[in-house]
Amino acid sequence: MIMDFQVVVLAGGTSKKLVPLVSEEVPKALLPVANRPVLSYVLELLERSNLKDLIVVVEGVGAARRVGGWISGAYVDRLHVEVAAVPEDVGTAGALRAIAHHLTANDILVVSGDLVCDVFPGAVAAAHRRYDAALTTMLCSLPVSGPLESGSSSGKDKTKKPGCCNIIGLDPTKQFLLYIATGPEIERDIRVQKSILRAVGQMEIRADLMDAHLYAFKRAVLQEVLERKDTFQSLQQDVLPYLVRSQLRSEVLLNGAPHSEENSHDKVVPRNNQVMLSQLVAKKTTPSFHELHVMAPDGSGAVRRTHKCCVYIASQDKYCARLNSIQAFSDINRDVIGDASRLLGYSFSAQNNIIHPSAKLGSKTTVGQNCMLGEGSQLGDKCSVKRSVIGRHCRIGSNVKVVNSVVMNHVTIADGCSIQGSVICSNAQLQERAVLKDCQVGAGFVVTSGSEYKGEFLAKKER
């Protein structure tokens with residue numbers, strides 16, 4: 001059944017929120033999570049779900065070329081991927097609008113390329129078909145974030161806090177989405193359609209769930225909304241709220257058949273209600289509030305038109321996070337070599353770490369648990385690495401401390417440096433005795449000898 005779905009992966013481009021981690025050479029999709037591009041986690045999740053025919057949408061021609069080159073090398077003979085370049089900063093809805101002519105299946109699965117999770121998309125697809133929904137969105141528990149102060153992070157999780165991402169309204173059965181607010185909308189009053197509240201009776205408000213950016217759409221519904229609402233830029237902030245608000249006064253196509261116009265003189269014939277009621281009895285299912293709403297007379301005689309917005313709520317033992325900020329980049333790297341190491345598929349050593357066989361360690365150098373050391377990297381004498389990821393072919397001198405940090409590929413770190421809670425991008429250089437705390441160092445940047453930085457973005461100035 002899931003094979004009937006067409007899959008679109010929205011891989012982004014060079015997100016401004018991730019500067020200086022991203023660049024023209026390293027678009028968002030290729031940012032490393034435990035020394036693998038973040039996009040690989042979604043692609044392998046889809047592959048394991050037997051979804052191997054994909055459209056990967058990338059913002060910017062240069063970024064699309066780099067992502068496509070990586071995919072063709074890493075997944076040759078494994079996936080059939082069409083990489084589509086769209087203009088930069090068009091938003092998720094704009095990206096889908098740009099490739100809408102490629103969408104031909106009855107149902108479309110849309111997945112964010114920055115999603116790192118172990119929830120199989122087939123579960124979302126099954127819920128979507130079961131309820132004959134126009135939209136089904138996956139919700140999961142909020143990821144744990146932090147600690148922001150690396151100095152206070154002694155490996156204890158007490159300082160980590162989940163952040164508030166969305167306000168979600170659910171019906172009592174937790175099958176239908178009644179309300180969703182994200183980002184700046186969260187600060188406003190919650191306004192729910194009266195018709196929805198009257199129809200459903202009560203609504204459960206949740207602030208502990210995250211919209212995972214994994215959606216199933218009826219293609220006809222998605223394409224019509226994108227075409228008619230040409231100012232919509234975001235799936236989460238525009239398309240979803242619109243479909244949720246209008247589900248009891250639907251204006252969209254269902255099953256490819258257009259509804260009658262708003263001023264139609266079509267009448268609700270009592271026999272239609274009897275037919276629907278007999279069908280529900282035959283199926284021995286409890287009617288949804290949408291079906292009850294259609295059957296209930298309102299005195300106007302007009303045909304009531306509805307569509308269903310459903311949810312699939314992942315179980316709490318599943319891991320689900322999005323790499324959509326610098327903090328999230330650090331958090332996900334920490335998790336994937338820690339509590340969520342099952343996502344990696346690698347075997348950890350007896351010391352609960354992963355050290356590539358070609359890596360070399362100097363005398364009295366220690367690499368602690370929940371660490372990763374990449375291919376060809378070398379550490380000098382008396383170094384200490386704790387809860388960190390070090391990439392490929394790095395050269396690290398003696399007496400260097402790396403704690404709660406991510407060091408990408410081909411980084412040079414000279415003797416006596418101290419790095420805490422920081423991200424060091426590829427080809428950067430740290431000269432002797434440099435001290436970094438809670439910093440992000442851009443690709444190719446040189447941190448001079450003896451300098452100390454705290455909470456800084458360090459990157460080359462653009463020409």
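**A buried isoleucine and a helix crossing**

Ile 108 is buried, at a relative accessible area of 0% (buried is under 20%, exposed over 50% and partly exposed in between, with a 1.4 Å probe and protein chains only). The model is predicted, so to speak of local features takes a pLDDT of at least 70 and side-chain atom pairs count only at pLDDT 80 or more, while totals for chains, interfaces and linings use all residues. Numbering starts from 1 along each chain as its sequence is written, and side-chain values use heavy atoms, leaving out hydrogens and water.

Ile 108 sits in strand S6 (residues 107-112); strands (E, at least two residues) and helices (H or I, at least four) are DSSP runs numbered from the N terminus. Leaving aside residues up to four places away in sequence, Ile 108 touches Phe 5, Gln 6, Val 8, Leu 103, Tyr 215, Ala 216, Phe 217 and Arg 219, contact being heavy atoms within 4.5 Å. Ala 125 lies 17 residues from Ile 108 along the chain, with 9.2 Å between their C-alpha atoms.

Turning to the helices, H6 (residues 219-228) packs against H7 (residues 235-245) at about 115°, axes 11 Å apart. Axes are lines fitted to C-alpha atoms over the stretch in contact, with angles from 0 to 180 degrees between N-to-C directions. The two helices are therefore roughly perpendicular (65 to 115 degrees; under 35 is roughly parallel, over 145 roughly antiparallel, the rest oblique). Val 221, Val 225 and Leu 226 of H6 meet Val 239, Tyr 242 and Leu 243 of H7.

Overall, the protein has 10 helices and 35 strands, and 51% of its 463 residues count as buried.
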